[in-house]
Amino acid sequence: MEIIHPKKTTLSSSELIPTLPLYKSAPPLEVRLDDFELFAIDRLRVLKGISDGLSRGKKPDEMQKLVDELWRANMRHQNASEVTKDIISHFVLRLVYCRTDELRKWFLTMETTLFRYRFKLETLDAQRALMSEFELPYKAASNAERENVKDKLIQVARSIDHSKLTAADTIYFKVSYSALMDVKIIYMKVPFEEVPELVAGRRVFIHKGYAYVAMNQVVSLVVTQFRSHLSKALVLTNRKWTSTIREQEKDRLTPIVEALSTSYLGPDYSQPKEFAEISVTDINKVANSSFPLCMRHLFEKLKEDHHLKHGGRMQLGLFLKGVGLKLEDALAFWKAEFSHKVGAERFDKEYAYGIRHNYGKEGKRTDYTPYSCQKIILSTPGAGDHHGCPYRHFSEENLRAALSKMGVGGRSMEDVMEKVRNRHYQLACTLTFEVVHGTSCDAGINHPNQYFTDSQNILKLKLQVGNALDVAVALLRSDILLAI
Amino acid sequence: PWSKSHQEISNKGGDNMDVNQRVLLPEGFNPSYLKLYYGKLFPHAEIFKWMSYGNDGKHPACDQSYFGRREFSYTLENDIYIRFQSFNSAAQLESSIKNKCPFKIDIGPVYSVDPAKRHAYAQGSDNVFTPVERELVFDIDMSDYDDVRYCCSGADVCLECWPLMTIAIKVIDTTLRDDFGFNHILWVYSGRRGVHCWVCDGRARRLSNEQRAAITEYFRVYKGNENSHKKVSLTGPALHPFLVRSYTEVLNSFFEEKLLPGQKLLATEERFEKILQLIPDDAVTAELRGKWLENRRSSISREDINVSRWQQLKHSLQSGKTKGHGLRRCVEEIVFSYTYPRLDLEVSKHMNHLLKAPFCVHPKTGRVCVPIDPNKCEEFDPTTVPTLSTLLEELNMGGLSEDIENGTFVLTLFYTIVYLFVDKL
């Protein structure tokens with residue numbers, strides 16, 4: 001780790017740092033302890049903003065704009081150069097987010113996304129310079145090779161879903177398409193392993209293990225490299241943190257680092273509060289009143305089919321754990337349902353283990369945390385699955401039907417569907433919450449357990465208010481009687 | 001080598017059993033049959049050779065620890081499941097299997113260290129016990145197609161719906177070879193209602209989880225379930241060459257020649273409504289519905305009613321009369337929905353996923369999980385796959401010798417595949 005001296009006033013660096021740093025190694029910069037925290041918080045705002053954007057399913061064009069705005073708003077700095085703040089904040093957050101698998105995964109995704117869109121904003125020359133820093137060992141496809149597969153290359157270029165590209169990409173493709181006819185465009189022949197995202201999106205022609213990557217897709221290559229470097233670096237950082245730094249810095253950096261990680265992620269509902277205990281009989285009652293749509297659907301299907309596939313068991317099971325369902329009760333609950341379909345014995349043999357695993361009683365004893373909205377929205381339910389986010393994964397018809405069962409109709413229904421059309425799935429859920437409960441929800445829903453807790457709080461409040469009203473009415477009546 | 005062990009088997013059969021009397025074994029599966037099977041038929045040595053990938057040799061480049069770092073897991077009688085079994089030699093593997101007589105054997109990844117020693121390494125978050133190699137695998141299960149087959153459902157398969165598996169094999173095998181450049185691919189019958197695929201090239205074994213996820217995404221076309229409306233959406237001015245190839249070489253012909261008439265996809269109102277639902281143009285669907293509700297029997301022509309209705313549908317959509325947006329590729333979307341392979345994505349994405357070993361016997365059907373030659377997959381018939389009892393019967397009768405032509409003893413196929421690719425790995 002770099003040398004950091006407390007309470008130094010000057011920031012200096014004698015090295016020439018390019019505009020878009022690759023964070024390959026921690027440079028020997030000095031920074032004030034205050035800045036250590038402040039810079040990190042500003043960067044965290046950017047990363048959080050990106051996280052929100054992704055979970056709302058923003059298109060690449062929109063993400064590009066968002067990243068630009070977030071960076072401008074948070075990362076400009078007066079006393080130090082912007083680059084220094086960039087580098088320092090990145091390395092501080094590495095410390096914060098290296099410590100568990102989940103934190104690493106989140107950080108990796110956000111930093112890679114940030115890098116991708118910042119890279120795209122650079123000039124072509126700057127991009128080429130950055131590319132050379134990555135030392136990509138690929139050759140351009142020879143003329144002969146290109147001739148052979150020309151038809152296929154054209155076909156792929158035409159098949160790419162243009163809604164997934166930014167404006168800049170699309171223009172390039174239009175140019176490259178006509179240039180293809182002259183076979184002048186350059187394609188890199190790259191082993192398919194190096195461009196997993198292009199392969200996954202079927203955005204390249206692959207032949208005998210080689211992907212033909214167009215020049216403008218090279219971003220993907222660079223981003224993959226970036227991600228891979230950062231992933232390894234995070235593991236190393238964690239090792240250093242646990243072995244030396246945490247102890248060394250326990251009076252200075254460690255408290256800051258530990259505070260930073262919890263402050264922005266919000267409660268993860270892994271430790272349900274004591275008062276929120278719930279029994280099996282309660283579940284049926286509260287399912288109707290306080291479950292968000294995703295969990296209602298899973299719950300209904302479970303009752304109907306007496307079965308759920310793995311994805312559904314995880315999503316619903318962890319949610320119930322967060323709600324306060326104890327392990328013994330959970331086992332009884334799932335057994336009662338599954339027995340109708342597979343029998344009690346088979347349940348014990350095949351499914352009980354999984355439930356115990358969720359509660360951290362088996363295997364490596366990880367106490368799994370209930371899924372957040374972002375995670376659920378990004379899941380990919382397949383045939384026979386019922387998990388995922390209904391606002392995203394249901395057809396309009398099915399969603400309307402499900403919502404009207406919840407009591408949403410008329411104008412509100414249209415407002416919710418409008419949000420869905422604009423891919424604001426969490427806003428749609430928030431709106432549903434507001435309609436169902438007759439109140440406003442300013443914080444916005446970003447976790448199914450949050451929906452549940454807020455709902456229960458409102459209902460309790462209503463009950464209290466209701467009781468109070470009853471008492472008041474009774475008193476009033478008795479006054480009137482007295483008066484008469 | 002195999003001919004020698006072949007002789008041994010026939011001799012042993014002769015010594016222990018009364019060769020002249022045909023002993024009819026009761027159908028099904030039980031532990032004593034299994035014991036005999038593991039004793040005389042299960043190809044322990046071949047599995048070892050396969051899993052060693054050449055490291056069982058003597059020259060200096062061989063990694064002696066390689067086989068010992070592979071995880072096997074057993075499901076024993078009484079559903080006891082034990083993981084992280086590992087062995088250092090063919091003999092150890094063989095004696096363990098014969099000893100424990102597992103109802104099912106799964107194969108996991110090759111780890112960084114011998115799984116038996118994993119506890120010494122998994123300290124904190126510094127996980128040095130981690131998978132380092134694992135075949136790229138695929139699992140296709142007929143029950144994922146229940147919404148497009150009417151002949152069976154759930155665990156059953158028959159010759160009417162089996163073509164769906166044939167399609168999956170052809171599409172995936174071609175793509176793995178032509179697009180991804182893999183060569184050493186083993187297809188195996190899962191014993192009941194599906195097929196497994198093992199891609200054994202070194203390059204495949206060394207793929208990371210992210211790369212495996214990318215490959216499965218490349219294959220993914222069918223998105224959604226009963227909750228979403230349209231499950232196959234082929235947008236864009238052109239289709240990716242891989243999809244075009246799959247369609248023109250496999251999907252279309254199987255759909256029109258086998259599935260359409262075999263599953264009677266347009267014969268009744270209930271069935272044709274499901275297809276009409278995939279057409280986003282009310283005018284077109286109304287017209288077709290009208291025609292079909294009137295002509296419940298095709299009057300003059302001897303052509304199958306499903307085939308003729310399909311021609312009508314194609315004509316309506318492709319004639320150019322209607323110019324709706326969603327109609328451009330409607331015909332292809334319908335064909336894809338009913339035929340395109342449906343993979344269990346999670347199986348392929350993770351290196352640590354355990355998959356059943358070839359040549360296990362399925363406890364519910366008694367059928368042996370035999371390899372399928374992708375070049376002859378159209379001839380494969382799941383209803384005639386040897387069962388534990390038929391194999392043992394033959395063994396009793398003193399010969400598994402000349403019956404190779406009939407394919408009743410399929411180990412030759414396995415030997416061919418194994419020796420063909422093991423040598424080149």
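Two residues are in contact here when they have heavy atoms within 4.5 Å of each other. By that rule, the contact takes 38 residues from chain A and 37 residues from chain B. This is a predicted model, so local features need pLDDT of at least 70 and side-chain atom pairs count only at pLDDT 80 or more, while totals for chains, interfaces and linings use all residues. Residues are numbered from 1 along each chain as its sequence is written, chains are lettered from A in the order in which they are written, and side-chain values use heavy atoms, leaving out hydrogens and water.

**Where the chains meet**

The size of an interface is often given as the accessible area lost when the parts come together. Buried area is just that loss (1.4 Å probe), summed over both parts. Chain A and chain B bury about 3,200 Å² between them, with 51% of it on carbon and sulfur atoms. On the chain A side, F192(A), E193(A) and R202(A) lose the most area to chain B, together 20% of what that side buries.

Now for the charges. A salt bridge means a side-chain nitrogen of Lys or Arg within 4 Å of a carboxyl oxygen of Asp or Glu. Two of the salt bridges are listed here:

| Salt bridge | N to O distance |
|---|---|
| R203(B) with E193(A) | 2.7 Å |
| K208(A) with D178(B) | 3.9 Å |

K208(A) sits in the loop between strand 3 and strand 4 (210-214) of chain A and D178(B) in helix 5 (residues 163-178) of chain B, so this pair joins two chains. Helices (H or I, at least four residues) and strands (E, at least two) are DSSP runs, numbered from the N terminus.

**A look inside**

Rolling a probe the size of a water molecule over the atoms shows where empty space is left. A cavity is a set of points, on a 1 Å grid over the protein atoms alone, where a 1.4 Å probe fits but cannot get out; lining residues have an atom within 4 Å of a point.

Of its 16 lining residues, C294(A), C373(A), C389(A), C429(A) and P448(A) are the closest to the centre.

Methods:
Buried area is the accessible area (1.4 Å probe) that two parts lose on being put together, summed over both. On a 1 Å grid over the protein atoms alone, a cavity is a set of points where a 1.4 Å probe fits but cannot get out, and a pocket is an open set with protein on both sides within 12 Å along at least five of seven lines; lining residues have an atom within 4 Å of a point.
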